Amino acid sequence: MGDLTQAQFDSLLGWLDADRNAAASKYERIQLRMIRIFACRGCNEAESLADETIDRVAAKVDWLIANYVGDPTLYFYGVAQNVFREYLRRKPRTDPSPGPASGAAKSDSDERSHVCLDNCLEHLPRENTSLVMRYYEGEKQAKISNRKRLAQELGITLDALRIRAHRIRGDLRKCVLHCLEQAPAQCNEFGPNAY
C-alpha cells in the first residue's frame, strides 16, 4: 500500500465485498497474484508495481462504486497491464542485445522457474502461501519488523515462525524442482483466463 489513506482503503475493501473478511481475502489474493505475474514477466519491482496498481484503483474507487459493472478483480488486472506497459517504457535498456544462446536460455529458464513457483504456490494451503509470502516480504529492518508482527499474529515465537517458513520453503523447493523436470507451461499473461 503506497499512498493509500485509510478511508480509500476502507472504500476499496467495501467495493470488493460487503463482508469485511471476504473483502480482505479478495484484496490479498489480488495483490499476491499481481506480484506473481509482474515477477513472472521478469520485473524486479513486482511489489512496488502491485502497490502502484492498487493505489491507482483506490484513487478511482468512488467512481468505480458508482459506475463499474463486473468483477473488480478484472479491473485490477486491466490497470496492472497498463502499469506494466509504463514500467517497460521507463525501464532503462542496459544490454542492447544479448547473445542468442546465453540471454535467451537464461530468460527461458527464469520464466520456467517463475511459472513453476506460481503453480507450486497455487497448490499449497492458502495459509502457507500467505505465511511464506509475508515471511520474505520487505528488506532489512522492514523484513525483521514484518516477521515479528507475523509471529505475534500467529501467536508463536520467532524461532517457531522460522522453522515453519523453512519447512514450507523446503516443500516449495521440491515442488519447483519436480515441476522443472516436467514440461513447463508458458508464463501466465494478464487476463481473465489466467486467474
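**Close-up views of helix packing and buried residues**

**Figure 1. Helices H2 and H7 are oblique to each other.** This category covers what remains once angles under 35 degrees are taken as roughly parallel, over 145 as roughly antiparallel and 65 to 115 as roughly perpendicular. The structure is a predicted model, in which local features need pLDDT of at least 70, side-chain atom pairs count only at pLDDT 80 or more, and totals for chains, interfaces and linings use all residues. Residues are numbered from 1 along each chain as its sequence is written, and side-chain values use heavy atoms, with hydrogens and water left out. The axes of H2 (residues 20–40) and H7 (residues 126–135) cross at roughly 60° and come within 12 Å. Such axes are lines fitted to C-alpha atoms, for helices over the stretch in contact, with angles running from 0 to 180 degrees between N-to-C directions. Helices are DSSP runs (H or I, at least four residues), as are strands (E, at least two), numbered from the N terminus. The crossing of H2 and H7 is left-handed, a term for a near helix turned anticlockwise from the far one by less than a right angle (right-handed if clockwise). From H2, Ser25, Glu28, Arg29, Leu32 and Arg36 meet Arg126, Thr129, Ser130 and Met133 of H7; contact means heavy atoms within 4.5 Å. By class, the residues of this contact are four charged, three polar and two nonpolar. Here Ala, Val, Leu, Ile, Met, Phe, Trp, Tyr, Cys and Pro count as nonpolar, Asp, Glu, Lys and Arg as charged, and the others, Gly among them, as polar.

**Figure 2. Helix H7 also packs against helix H9 (residues 158–181).** The two axes come within 10 Å and cross at roughly 110°, which makes H7 roughly perpendicular to H9. On the H7 side the contact is formed by Asn128, Leu131, Val132 and Tyr135, and on the H9 side by Leu161, Arg162, Arg164, Ala165, Ile168 and Leu172. Seven of these residues are nonpolar, one is polar and two are charged.

**Figure 3. Tyr135 of H7 is buried at 6% relative accessibility.** Buried means under 20% relative accessible area, exposed over 50%, and partly exposed in between (1.4 Å probe, protein chains only). Beyond residues up to four places away in sequence, Tyr135 touches Lys143, Arg147, Leu150, Leu161, Arg162 and Ala165.

**Figure 4. The largest nonpolar core has 29 residues.** A nonpolar core is a set of buried Ala, Val, Leu, Ile, Met, Phe, Trp, Tyr and Cys residues joined through side-chain atoms within 4.5 Å. Leu12, Trp15, Leu16, Met34, Phe38, Val57 and Phe76 touch the most other members. At least two residues each come from H1 (6–16), H2, H3 (46–59), H4 (61–67) and H5 (72–90), and H5 supplies the largest share, eight residues. A second, separate core of 15 residues includes Cys120, Leu131, Tyr135 and Val176.

**Figure 5. Gln31 in helix H2 is buried, with a relative accessible area of 19%.** Not counting residues up to four places away in sequence, Gln31 touches Ala50, Asp51 and Ile54. With neighbours within four places likewise set aside, Met34 is in contact with Ala50, Thr53, Ile54, Phe76, Tyr77 and Ala80.
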